[in-house]
Amino acid sequence: MHAASVTNAGRALRYVGAVLLLGLTGGIGSGKSTVSAMLADRGAVIIDADAITRAVQQPGMPVFDAIVERFGAQVVAPDGQLDRKALAGIVFADEAAKKDLEHIVHPAVGVEMITMLQNETDTDHVVVYDVPLLVESARKDMNFAGVIVVDIDPDVAVQRVVEQRGMDEHDVRARIANQASREERLAVADQVIDNSGTRDDLERRVDEVWAWIQTLPTP
């Protein structure tokens with residue numbers, strides 16, 4: 001399925017059965033994964049685009065084969081897995097290569113996400129699409145009941161990623177430059193979760209957003 005097909009399918013998927021569908025996004029270092037886990041703790045079903053991406057890129061999968069065919073053996077690690085750091089080094093320095101990778105990966109991820117959502121047809125769950133590149137991808141056009149953006153000052157995000165993940169600052173800033181801007185994400189937000197404070201602050205804000213979700217109309 002091409003990205004456009006994923007988009008067209010998504011427009012009809014605000015509700016599947018009694019499922020309430022929301023989008024969750026945030027830039028690298030924003031703490032989006034932490035918020036995703038907090039929403040799961042409160043009862044949401046999380047459909048995690050990053051986890052799906054890793055799954056479809058496993059050796060033996062068509063996506064893995066297509067990536068190796070396009071980028072060569074240099075993106076295969078000694079253990080046979082995809083060398084994500086090597087691949088990132090290529091695509092973040094070459095816009096055409098980045099688009100080629102997106103054309104390989106995004107449709108497969110989109111199909112799997114929609115399949116997972118359709119499996120929730122007979123439930124009354126809150127389903128959250130956790131998509132780092134929500135604003136940049138075709139999935140921004142899906143008919144979400146609401147979009148939640150985890151927000152943080154980019155310089156703070158850089159500092160956190162460098163300290164917590166041990167990444168090079170230049171690499172982190174390159175990744176931020178290849179994502180939607182802070183302003184572009186905020187422009188699509190129905191709810192903004194500020195993650196510049198403490199863990200307790202974040203828990204309180206997620207509680208507020210969860211209460212808001214409960215007010216949204218269901219079929």
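A residue counts as buried when its relative accessible area is under 20%. Asp130 has a relative accessibility of 1%, so Asp130 is buried. The model in which this value was computed is a predicted one.

The protein chain has 219 residues, and 41% of them are buried. Its secondary structure consists of 10 helices and five strands. Contacts between residues at least 6 apart in sequence were also examined by their separation along the chain. Of these, 73% join residues at least 24 apart.

Asp130 belongs to strand β3. Residues up to four places away in sequence set aside, Asp130 touches Leu24, Lys32, Ser36, Ile46, Ile47, Asp48 and Ala49. The C-alpha atoms of Asp130 and Gly26 are 9.1 Å apart, while 104 residues separate the two in sequence.

Tyr129 lies in strand β3, which spans residues 126–130. Phe144 lies in the loop between β3 and β4, the latter being residues 146–151. The two residues are 15 apart, and the pair links distant parts of the chain. Tyr129 is buried, because its relative accessibility is 0%. Phe144, at 10% relative accessibility, is buried as well.

A further strand residue is Gln191, found in strand β5, residues 191–194. Gln191 has a relative accessibility of 15% and therefore counts as buried. With neighbours within four places in sequence left aside, Gln191 is in contact with Val147, Ile148, Val149, Arg205, Val209 and Trp212.

Attention now turns to the helices. Helix α4 covers residues 62–71, and helix α6 covers residues 95–118. The axes of α4 and α6 come within 10 Å and cross at roughly 170°. This crossing makes α4 roughly antiparallel to α6. On the α4 side, the contact involves Val63, Ala66, Ile67, Arg70 and Phe71. On the α6 side, it involves Ala97, Asp100, Leu101, Ile104, Val105 and Ala108. The contact of α4 with α6 comprises nine nonpolar residues, two charged residues and no polar ones.

Two residues of this contact were considered individually. Arg70 is located in helix α4. Its relative accessible area is 36%, so Arg70 is partly exposed. Neighbours within four places in sequence aside, Arg70 is in contact with Ala97, Asp100 and Ile104. Arg70 and Leu101 are 31 residues apart in sequence, with 8.4 Å between their C-alpha atoms. Arg70 also lies over the face of Phe71, at 4.5 Å from the ring centre.

Phe71 is likewise placed in helix α4. Phe71 has a relative accessible area of 5% and is therefore buried. Phe71 touches Leu87, Ile90, Val91, Ala97, Asp100 and Leu101. The C-alpha atoms of Phe71 and Leu101 are 9.0 Å apart, and 30 residues separate the two in sequence.

Leu87, Ile90 and Val91, touched by Phe71, also make the contact of α5 with α6. Helix α5 spans residues 84–91. The axes of α5 and α6 come within 7 Å and cross at roughly 125°. The two helices are therefore oblique to each other. From α6, the residues in this contact are Glu95, Ala97, Lys98 and Leu101. By class, the contact of α5 with α6 has five nonpolar residues, two charged residues and no polar ones.

Conventions: Residues numbered from 1 in each chain as written. Predicted model: local features only at pLDDT ≥ 70, side-chain atom pairs only at ≥ 80, totals over all residues. Heavy atoms only, no water. Helix = DSSP H or I, 4+ residues; strand = E, 2+ residues; numbered from the N terminus. Buried < 20%, exposed > 50% of the residue type's maximum accessible area, 1.4 Å probe, protein only. Lys NZ or Arg CZ within 6 Å of the ring centre and 35° of its normal. Axes fitted to C-alpha atoms, helices over the stretch in contact; angles between N-to-C directions. Parallel < 35°, antiparallel > 145°, perpendicular 65-115°, else oblique. Contact = heavy atoms within 4.5 Å. Nonpolar A, V, L, I, M, F, W, Y, C, P; charged D, E, K, R; others polar.
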